[in-house]
Amino acid sequence: MVLLTLIARASDGLLLSGSVQEAEEAGRSDMTEYQNKAKQLFRKLGSHATSPSTVEDGAILFHYIVADNVCYMALCEKTFSRRMAFGYLEELRQEFSNMHSTQVASAQRPYAFIEFATVLQKLKKPYVDSRAHRGGVKKLNEELVDVQRIMVQNIDDVLQRGEHMTSLASKAQELSSQSQIFRKDAAYLNLRSKYAKWAAMALIFVVMMLFLRYLVF
């Protein structure tokens, strides 16, 4: 079943809406841990993440899609149909986009669209148990959800790759700063060299003037 649903801005991982009622109904006590992992994933994935995709964490799968700078994520048990999970996310994307697509960029605080949680509850009802709905969900178009082509990644690999990319970005920023300092120092040394050259020429001129004055007088 769907245990957790979260929606975040892809560019910075800011949580926009979500619901954990599914997990409470399932009687699970480990949702805080998984919610924290989901937040880490949001921050690592970014707006250019491969989508749709699945991140595996033991018996739990993080399914997500990214569209229009918004990441839609559903935490599901491994036994839950992947096709139904992505069908749910696609419906979620359509509803959220229709209601809030123009407001995403201006959101400043976490859960700015918490009222969307009521829509989440309505959307997830047909997807509560794939065994009870094996005959199909009316709005689910299986041809649009080709789960065989969806990449499955390990959560540790994703988080470590994100840390590696963050480290590279930090080093690149450091090199850029050092390069700017070098350019400033080079410009300063070049200016000093010009001043020294002008001073030497001025000194030679003064010496020549004194020498000519000595010869004349």
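Which residue forms a salt bridge with D12, and how far apart are the closest N and O atoms? The partner is R9, and the closest N and O atoms of the two side chains are 2.8 Å apart. A salt bridge is counted here if a side-chain nitrogen of Lys or Arg lies within 4 Å of a carboxyl oxygen of Asp or Glu. The structure is a predicted model, in which local features need pLDDT of at least 70 and side-chain atom pairs count only at pLDDT 80 or more, while totals for chains, interfaces and linings use all residues. Residues are numbered from 1 along each chain as its sequence is written, and side-chain values use heavy atoms, with hydrogens and water left out.

The protein chain contains five helices and six strands, taken as DSSP runs numbered from the N terminus (helices: H or I, at least four residues; strands: E, at least two). Read from the N terminus, the order of elements is β-β-α-α-β-β-β-α-α-β-α. Of the 217 residues, 38% count as buried, where buried means under 20% relative accessible area, exposed over 50% and partly exposed in between (1.4 Å probe, protein chains only). Contacts are defined by heavy atoms within 4.5 Å. Among contacts between residues at least 6 apart in sequence, 66% join residues at least 24 apart. The chain exposes about 13700 Å², of which carbon and sulfur atoms supply 55%; accessible areas come from the Shrake-Rupley method with a 1.4 Å probe, and for residues only the protein chains shown count as cover.

The salt-bridge count comes to five. A second bridge joins the side chains of D57 and K37, with an N to O distance of 2.6 Å. This pair links distant parts of the chain, with D57 in strand β3 (residues 53–57) and K37 in helix α2, 20 residues apart. Both D57 and K37 are buried. The side chains of K78 and E56 also meet in a salt bridge, at 2.3 Å from N to O. K78 lies in the loop between β5 and α3 and E56 in strand β3, so the bridge ties together parts that are 22 residues apart in sequence. K78 is partly exposed at 44% relative accessibility, as is E56 at 23%. Salt bridges that share partners join E33, K37 and D57 into one network.

Four aromatic pairs are counted. Rings of Phe, Tyr and Trp (its six-membered ring) pair if their centres lie within 6.5 Å; planes under 30 degrees apart count as stacked, over 60 as edge-to-face and the rest as tilted. The rings of Y34 and F62 have centres 6.3 Å apart and planes at 55°, so this pair is tilted. Y34 belongs to helix α2 (residues 31–45) and F62 to strand β4 (residues 60–67), 28 residues apart. Both members are buried, Y34 at 11% relative accessibility and F62 at 0%. For F96 and F116 the ring centres are 5.1 Å apart and the planes stand at 85°, so the pair is edge-to-face. F96 lies in helix α3 (residues 82–100), and F116 is in the loop between α3 and α4 (117–124), 20 residues away. F96 is buried at 1%, and F116 is buried at 0%. Ring pairs link Y72, F96, F113 and F116 into a cluster.

Six of the eight residues of α4 are buried, so this helix is largely enclosed by the rest of the structure. The buried residues are A117, V119, L120, Q121, L123 and K124.

Positive phi values occur at N69 and Y111, neither of which is a glycine. N69, with phi of about 65°, lies in the loop between β4 and β5 (70–77) and is partly exposed at 26%. Y111, with phi near 55°, is found in the loop between α3 and α4 and is partly exposed at 23%.

A search of the whole structure finds zero disulfides, defined as pairs of cysteine sulfur atoms within 2.5 Å. C71 is buried at 3% relative accessible area, and C76 is buried at 0%.
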